[in-house]
Amino acid sequence: MISLAGRDILHAWGKFIFTGIGLGLLIGVTLTMAGVYRGMVDDGKVLLDNSGANLWVVQKDTLGPYAESSSIPDDLWRSIRTLPGVAEAANVTYLTMQVGRGQKDVRVMVVGIAAGEPGTSGWPPQLVAGRQITRGHYEAVADIATGFRLGDEVNIRRNRYTVVGLTRRMVSSSGDPMVFIPLKDAQEAQFLKDNDAILMQRRRTEANRAFNRPAVPGLLDAVIASQTSNNSVNAVLVRIQPEYSPREVAEPIRRWKRLTVYDRAQMEEILVGKLIATSARQIAMFLVILAVVSAAIVAFIIYTLTMDKIREIAVLKLIGTRNRTIAGMILQQALVLGVIGFVVGKITATFAAPLFPKYVLLTPIDSILGFVAVLVICVLASIVAIRMALKVDPAEAIGG
Amino acid sequence: MRFPRLQRQTLTLVAVIIPLLFLFIYVALRSGPLAPIAVTVSTVESRPIAPALAGMGTVQARFTYKIGPTVAGRVKRLDVHVGDTVKAGQVLGEMDAVDLDDRISAQQAAIKSSEATLRQAAAKEAFAQTQASRYEQLLSVRGTSEETVVTKRQELAVASAVLAASREDIVRLRAELEALRAQRGNLRLVAPVAGLVAVRDADPGTTVVAGQAVVEVIDTASLWVDTRFDQISAEGLATGRPAKIVLRSRRSQGVAGHVLRIEPRADAVTEETLAKIAFDAPPVPLPPLGELAEVTVQLGELPAAPTISNAAIRTVDGQRGVWTLVDGGLTFTPVVLGRSSLDGLVQVVKGLSVGEQVVLYSEKALSAKSRIHIVERLPGVTP
């Protein structure tokens, strides 16, 4: 038995393939859009993974440190470290800012990491080049997405940092690449004002009679020193001992230290459920529209393909071809079109993904779901065409 | 004639479909989560490392001399300005003497008047002496009365006493003059050592209280860097260790120095150890006091031991270790780390032996089941 569909495809294969490729580009866009959404969620998850923490201790009643600002004293980690079940506690600061390199500047998230050795919470878990920070000041490990290279000097506030290491996929929840610098420098970068502001503040303090008393020399200096010092961090990252559960460790901190503590699940809920909720819904909405448009276009294409050969179908009916065979031909063509479209779509999506400024994550499950969806849409679309083909009058073959 | 045409069509179709399929399979396997993770490996080597400590500090002067009057007064003149170099003993300025010069003149006049009085007393005493000895002789030949002789003796004693009093009076007046002169000298502001004028707090005409500094002189040979080292990485800091000092204004050149002393008190708030780093030779030109400096203290070279780069260290389930390559598969090996150097090398105390292959860089986090793909350099990294 000869394949009617195959013969028909071969008959006008160029048109068929190009239609398939066109459809594929549309499917590629849809897959990419799904990838954009997955990428956003993944940005949040890698942020949590890369911090290496089990618990996040932040200022009371805040959603810090990623979704809201949070500020806690930098010696608090010592008292947290002594609680049962805590294996490690490390200070950390996060600040999203523009960082300059030469003439250009890049939007990055500056992470202040506590002094220690590699593997401490908050440190980059792995590198793609260079080494980890060894000096206590003015060294940086930057994400490769910043465009920085090893040995580059970058300006953060008034200091210059040498890039000694590079990472990949170390991003904030909004996809900004990270730059890791020592905690003390980061505290300065976060809370230190620029020189003009400091001078103005000094002058203002000097003008205040309460602080600038001739009879009390040294008072003014003390007041100014207290104004410029900063002893805050954004969060304490806590790694717990394996035999404890996050709840067990979090409860005493919450209750007795009067701080807010989040575990991994809660943090994910904040990042995915709150921080990127609106943009995720936006993307999801777009994805739905794209899927509907794709379905409509597939239906139109198959409908037109069928209508193109309505005369041939009439001939087939005239010579007594069974309805099943005709329906099978149309359905097979629709499915082949869908498969070509999916293959082309997957390939274009994969090659297009790295070109996006933010991360696009194409997961196999999305591809499989996409494949099934494409086939279902093709089948549904072909039903209309099949109905049209079956209703055609064999007389049309000769009547015209 | 139809058959070859059909075959050509089929062939063309196949020519389009087959590459597309291959591309698809490549894409499915080489991207996304199914793709192998690119890693680079390095070999554990036995090598000596030279640990060093990095700290930050500010340039300070060890000896600062605050020069001012010991009594309240008004600045009369000040000959030096900030930045002048001064010699030991150089007069930097003077306080207003007010009436001190007049009092010295008065004292000098008083001394002269006293000297006149002394001469008068001496004359009186000489006369009394003569009279007394004459009457003594007259008495010996019974030429006068006993009473007259006694009177003359008494006159001589009085004259001697007056003379002695006059002499002491002159000594007192001279001493007072010396005191006034000393006070006069004290009004001059003198540099105690050779150095550099760092601060000039008052200008001529300013009234200052006793003890208030008018000029600050620093000993330029005693510049040091007040340095802070993070306590967690201050192991091995010792007096006498050589150090490299890089001033913030002269980043390209380092200056040699050494650890002069480690402060017995650390900073409890900032968790830092404090140390003083002295310059081996004073830098020329002199850096301003308070300038920021980066200090690198060289510690002694450690004997050779298995060494890895700190980029190879990973944390898995709270354990620090490295991914080792065993028969092409990954194994997580917990390690105990020793000392490290500033260029990122760490000695391994326990867990690794020389010659083992460890994963150095990886694109993403690894697990024991990860498929890996060993490359020379990770994609995207420029040499």
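Strand β2 of chain B runs antiparallel to strand β17 (residues 305–309) of chain B, and three bridges join the two. Here strands (E, at least two residues) and helices (H or I, at least four residues) are DSSP runs, numbered from the N terminus. Two strands pair if DSSP finds at least two bridges between them. One bridge links B:R47 to its partner B:A305 in β17(B).

This is a predicted model, in which local features need pLDDT of at least 70, side-chain atom pairs count only at pLDDT 80 or more, and totals for chains, interfaces and linings use all residues. Residues are numbered from 1 along each chain as its sequence is written, while chains are lettered from A and ligands numbered from 1 in the order in which they are written.

Now widen the view. In chain B, four strands form an open sheet in the order β2-β17-β22-β21, with antiparallel pairing. Its edge strands, β2 (45–47) and β21 (336–340) of chain B, each pair on one side only.

Next comes strand β1 (residues 37–43) of chain B. Three bridges join β1 to the parallel strand β24 (residues 372–374) of chain B. There, B:I37 stands opposite B:I372. β1(B) also pairs with β23 (residues 357–362) of chain B, antiparallel, over five bridges. B:T40 has B:Y361 in β23(B) as its bridge partner.

Finally, turn to chain A. The contact takes 42 residues from chain B and 40 from chain A (two residues are in contact if their C-beta atoms, placed from the backbone, lie within 7 Å). On the chain B side, α1(B) gives the most, with nine residues.
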